[in-house]
Amino acid sequence: MRELVADKRTEGFNEVVSGYLEQEALSEAGRCIQCKNPTCILGCPVKIDIKKFILQITKKDYPGAYSTIRQTNNFPSICGRVCPAEYQCRRSCVLNKGKLAYCSPEAVNIHFLERFIGDYGMQNNLEVPMQPDGRFSEVKMAVVGSGPAGLCCAGELARKGVKVTVFEGLQSCGGVLRYGIPGFRLPREVLDYEINCLTKLGVKFITNTIAGKVVLLEELFQQGFNRIFLGLGAGVPSFLGIKGENLCNVYSANEFLTRVNLMSAYKFPEYHTPVNIGKHVLVIGGGNTAMDAARCALRLQKMSSIEPHVTVVYRRTLTEMPARRLEIQHAQEEGIKFKFLTQPKEFDSDDQGFVRQLNCLICELQDADESGRRKPVVLQGSDFSIPCDLAIIAVGLGANQVLTGATPGLKTDKYKDIIINSATMETSIKHVFAGGDIAGGEGTVIEALGMAKKAAISILQNS
Ligand code: FAD
Ligand code: SF4
């Protein structure tokens, strides 16, 4: 895949990966051997008919390929860019020669082909036609949260003629797709296009409205909504619980990325959102959030003429990092350093209360446990420190309890995720459904879409 060279891409927030030209897509699609038993489909959380859409590409039937993908995935241009395909469909491709948790380069680039078709759909305004069904004219739907789950549920129902209103706590819609994943991975135009399509279907968006604070669930019912879908995501950052984590210039990745992406700090001086940049940035964690935070921090340094110096601190090794492999590769190419087998112990401050260094311990990995993961154990006495004037903590996210805490009868599990009936996606409150990260813990975009679509089908079946 063509992409911007590392030096150019870190000058700003332009998209890194270019996308296939037609000839490239045809050549990649031609590598698919059209297996009798297409195991790739089993690897996709929403079971896209991958074999069929790739065959349609080889025949240049792009509208057909678009329609095949759209049967199970509402946002191919988005998933084609952010799906961790190397752990999913591509890992199950028979051309995959890898023995690791992720696929080898030989596997067909299914996600890039999906992106090619999604972008073809956008460029040619292909849409799944509305199929209004009179049976649903009495359904008045409130969707809370405008991340991928909320947007998908809204679109599925609006296409059947249901009146849908989306309530979003933030000032813009998109959830993590807007405030978390940076524009160099997912250009804002792609997300705006999808939201615009929903507006054209009649979906109404009400932003700056936190359900559970500004409006309670029971008030939504009183306002005449008779079905509710909760797509609240997992927006509360976890912390390390170590000394010095509340020092100045120690951010959660959530706050850092929100300031940069949602509040446009990266467009300084056009936007005045304050975000500190730092000369020695440490990012703690090994997932997509850590990679996004590190790559944003490095770009901000370069854009501010600061010598780039960003290090990712992770307590396991490269092999165990859960981030998409492409993101790790891009981070390395861009000059981000990695400090593996390193457990943070405490932050030290200067006399003004600003973070000055991270004290750490070296780890060793035990053999894999029953979950298949190798547990890090610290080597006592292996203390060392790393200088740092900005630290970003990216060690996981959990459920936001603003709405669940304000809604008696809405049952949650020990992680404060909403408990759903997995067959109907209904919660413990009748006519209230849920999907995405709030109903399954931190997951992926395509998993959120799959759950939301299932909820929409269930809402229609029970209306
Ligand atoms: P979210 O996207 O979290 O959306 C929830 C929305 O609900 C938010 O807009 C929030 O403001 C709103 N909300 C919450 N509570 C309320 C309330 N009470 N009232 C009103 N609105 C409310 N997945 C991938 O597949 N690939 C990736 O590359 C990838 N990268 C990621 C990078 C980052 C930085 C992060 C944080 C996550 C990443 N993920 C990735 C995970 C993926 O983004 C999530 O699994 C997905 O966004 C979940 O979708 P959702 O709709 O459930 O929740
Ligand atoms: Fe693969 Fe994701 Fe597309 Fe499914 S949605 S085919 S897992 S890239």
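Author: Buried area is the accessible area (1.4 Å probe) that two parts lose on being put together, summed over both. This is a predicted model, in which local features need pLDDT of at least 70, side-chain atom pairs count only at pLDDT 80 or more, and totals for chains, interfaces and linings use all residues. Residues are numbered from 1 along each chain as its sequence is written, chains are lettered from A and ligands numbered from 1 in the order in which they are written, and side-chain values use heavy atoms, with hydrogens and water left out.

Reader: How much do domain 1 and domain 3 bury between them?
Author: About 1500 Å², with 58% of it on carbon and sulfur atoms. On the domain 1 side, R9, T10 and F13 lose the most area to domain 3, together 43% of what that side buries.

Reader: What are the domain bounds?
Author: Domain 1 is 6-123, domain 2 is 134-235 + 398-461 and domain 3 is 239-395; such bounds come from an automatic or database domain assignment.

Reader: Ligand 1 next. How many residues surround it?
Author: 37 residues (a heavy atom within 4 Å). The closest are V82, E168, R185, A211 and D437.

Reader: Which polar contacts does ligand 1 make through its oxygen atoms?
Author: Counting N or O pairs within 3.5 Å, a polar side-chain atom of E168 is 2.6 Å from a ligand 1 oxygen. A polar backbone atom of V445 is 2.9 Å from an oxygen atom of ligand 1.

Key: Polar contact = N/O pair within 3.5 Å; in protein donor to acceptor, adjacent residues only side chain to side chain.
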